Amino acid sequence: MNFDFCPMPMPYTMTQPLLLLYILLFALNSCAQTKTTAATASAASQLSGKTAPLPQQAPLQTGAAQLGLYLPRLQGKRVGLVVNQTSVVGQTHLVDTLLRHGVQVRTIFAPEHGFRGEADAGAYVKDAKDTKTGLPIVSLYGKNKKPLPKQIQDLDVLVFDIQDVGARFYTYISTMHYVMEAAAENGKEVLVLDRPNPNGHYVDGPVLEPEHSSFVGMHPVPIVHGLTVGELARMINGEKWLAGKREARLTVIPVANYTHQTAYTLPVKPSPNLPNMQAIVLYPSLCLFEGTHVSVGRGTQHPFQLIGSPYYQHKSFSFTPESTPGAGNPPYKGQTCYGLNLTDPADAQPFTLAFLLEMYQNSSQKEKFFNNFFEKLAGTSALREQIQAGKTEAEIRAGWEPALSNYKKLRKQYLLYPDFE
């Protein structure tokens, strides 16, 4: 496999004496660090609905924050950055950080929502110029979602540093796939600066079937894949999912002091309609509604925390979408929607079909409930058919096997961090 793992703090290979020395130093360092409070872990547990993540023994550091591990790799090279508003080192954007350290940043590549993360979901994003640095911004969510050879011909390395939320249909990982593919085809290096996965403490949902592959689901993984972007990049490479079964020259800078049980609150909202951790935890379950006639609260103060439509038959809760930043023309703009208020932290639970089944079963227009986007989000045609047939969640989940169990075994081959099991 043609990928490199730049470990922190332990080198990839190590002699036994050095390994023993590493263990001793790491233990001494861990004992010297201040532990995360039990209250923090408890709050994260309440949001996730899972067992409380383990307290951290040392401060978490994102890949981007560990400058000493990757600046030497960028010195003297022409660099393209695949970044957005989440690409920060402390309070400073990665672009500014690298320029300050003398890195030759030549081009910024922007994913869905743009470089500053302000565009509506699905909105066409144009090429532009960064007003602060004067660098060209190439949109990877416009005319082309994959960097063209002419756009990277003068670059040596492409750096990917974007915060993901751990759901298959969140398109930043599709952008990473195409960046890796373009790099592999044109002989460029790829450096992934890893970040925690806020939904990385479990795996769930149907595994995508190849016939339903799209930009909102490119890989045969479940809806909740349980990987960081660095781990997924390794899987993409290792499983030869790039076009022509190519492999990118990949290096991953891992997150330091992180496990798949580590509580992590995102410091910057990853997209306009995921404003807080409540929305991020609910997102894997609620995004399926984008393939239905149900609103997920775009155009309100609580996107991905409210669900409803004019056709829901229980009228105890309602909301009316209006134009808001990041949702200029939301579904049912100006219309009253009836549904569920999921803003209570107790409502934030791991992936479930309960909300979907509730809204379908109580819709006055079941025949119009689904649209042609649903299969792309679900990754399978079976889910729609099972819901329409009146199957229970338990019956539906049984159909996800053995694909889901097989994926869990595959996943373990590419993990960089201690797992939740």
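Analyst: Thr-86, Val-88, Gln-163, Arg-195, Tyr-264, Leu-266, Pro-267 and Val-268 line the largest cavity. A cavity is a set of points on a 1 Å grid over the protein atoms alone, where a 1.4 Å probe fits but cannot get out; lining residues have an atom within 4 Å of a point. This is a predicted model: local features need pLDDT of at least 70, side-chain atom pairs count only at pLDDT 80 or more, and totals for chains, interfaces and linings use all residues. Residues are numbered from 1 along each chain as its sequence is written, and side-chain values use heavy atoms, with hydrogens and water left out.

By class, this lining has five nonpolar residues, two polar and one charged. Nonpolar covers Ala, Val, Leu, Ile, Met, Phe, Trp, Tyr, Cys and Pro; charged covers Asp, Glu, Lys and Arg; the others, Gly among them, are polar. The volume of the largest cavity is about 40 Å³. That volume is the space filled by probe spheres set on the points, which are joined across faces, edges and corners.

The whole structure has two cavities of 30 Å³ or more.

As for confidence, the chain has a mean pLDDT (the predictor's confidence in each residue, from 0 to 100) of 87, and 83% of its residues reach 70 or more.

Technical notes. 1 Å grid on protein atoms, 1.4 Å probe; cavity = no way out; pocket = protein on both sides within 12 Å on 5 of 7 lines; lining within 4 Å.
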